Amino acid sequence: MPHHNPYPVPDEPGVFVPVEVRGWQDGYDAGISSPPDVPRTPRVRHPGYMDAWTEGAAAGNADGRAEGWRWAYFYGSARPDAQDAGGRYEPGNSGERTPEHGGAFTQSWPCVGEMPLLVMLAQFAPGQQGGEGLTGRLLARACADKGVTRLYLPTSVHPSPAAQEGPGDPLADAGYWHGTVHASLDEAAPEAIDHVTVRVSRFAALVRYEPAGEHNFFDLLPVNEMLPSNRLG
């Protein structure tokens, strides 16, 4: 994407990260998932966060118009309206060709959001501290360091009531089941498929992450192209 966070991040571990870093990234994620207009800036106490959020939202909205919108799926957002998005937001072919499980994951929805990436970072690079607008860049760096080009996380795509006392896991706290992160689709697929094949109607997918620099981008690959109807806008 053409626009990137203009606020510098200290390279030294443990150094204070300016609040503007998160403000810009949060605004960017909101802007690229909110066609056709730039979303309204939230009211918070920190003026630096608000100013950075406004800048990020404008940048994300511009990238959405030029490069393509993304769906903030795990934040309860409806799918971007095709008309508002210029008819350009739709699932693509996942490109997965694995002989064992690729046939169950043919559809790919472009999405954005930090929540599933925080889970992937915690499992893939234990000890790395995400949040503060750093999750995307830390996960991309960890993949580069380990020579991994893709990560997959099995997850539910329809939330259940979250536990009263959450375990400190962002997806679980929001009511979403998830499995273990893997570096190949065929390793991750059985967990997602098994979550669907029970007596109660369930929906599941794989979160597919490919290093995207600082951005919180991922693709959502639903099992057998099935998503809950109330999340389709």
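Q: In this predicted model, is R208 buried or exposed?
A: A residue is called buried when its relative accessible area is under 20%. R208 has a relative accessible area of 4%, so R208 is buried, and its place is in strand 4.

Q: Which backbone atom lies 2.7 Å from a polar atom of the side chain of R208?
A: A polar contact is a pair of N or O atoms within 3.5 Å. Here the partner is the backbone oxygen of S94, and S94 is also among the residues that R208 touches, together with others including E96, R150, Y152 and D219, once residues up to four places away in sequence are set aside.

Q: Where does H215 lie, and what does it touch?
A: H215 belongs to the loop between strand 4 (204-209) and strand 5 (217-222). With a relative accessible area of 1%, H215 is buried because that value falls under 20%. Not counting residues up to four places away in sequence, H215 touches M1, H3, H4, W24, Q25, Y28, L117 and G136.

Q: Which residues touch the most other members of the largest nonpolar core?
A: In that core of 37 residues, they are F74, M120, L151 and L220. Two or more residues each come from strand 2 (107-112), helix 3 (115-124), helix 4 (135-146), strand 3 (151-156), strand 4 and strand 5, and helix 3 provides the largest share, 6 residues.

Q: Which residues are in contact with L220, leaving aside its neighbours within four places in sequence?
A: Among them are Y73, F74, W109, C111, V157, L206 and L227. A second, separate core of 11 residues includes L206, along with Y152, A192 and V223.

Technical notes:
Residues are numbered from 1 along each chain as its sequence is written. This is a predicted model: local features need pLDDT of at least 70, side-chain atom pairs count only at pLDDT 80 or more; totals for chains, interfaces and linings use all residues. Side-chain values use heavy atoms; hydrogens and water are left out. Helices (H or I, at least four residues) and strands (E, at least two) are DSSP runs, numbered from the N terminus. Buried means under 20% relative accessible area, exposed over 50%, partly exposed in between (1.4 Å probe, protein chains only). Contact means heavy atoms within 4.5 Å. A polar contact is a pair of N or O atoms within 3.5 Å; within protein, one must be able to donate a hydrogen and the other to accept it, and residues adjacent in sequence count only if both atoms are side-chain atoms. A nonpolar core is a set of buried Ala, Val, Leu, Ile, Met, Phe, Trp, Tyr and Cys residues joined through side-chain atoms within 4.5 Å.
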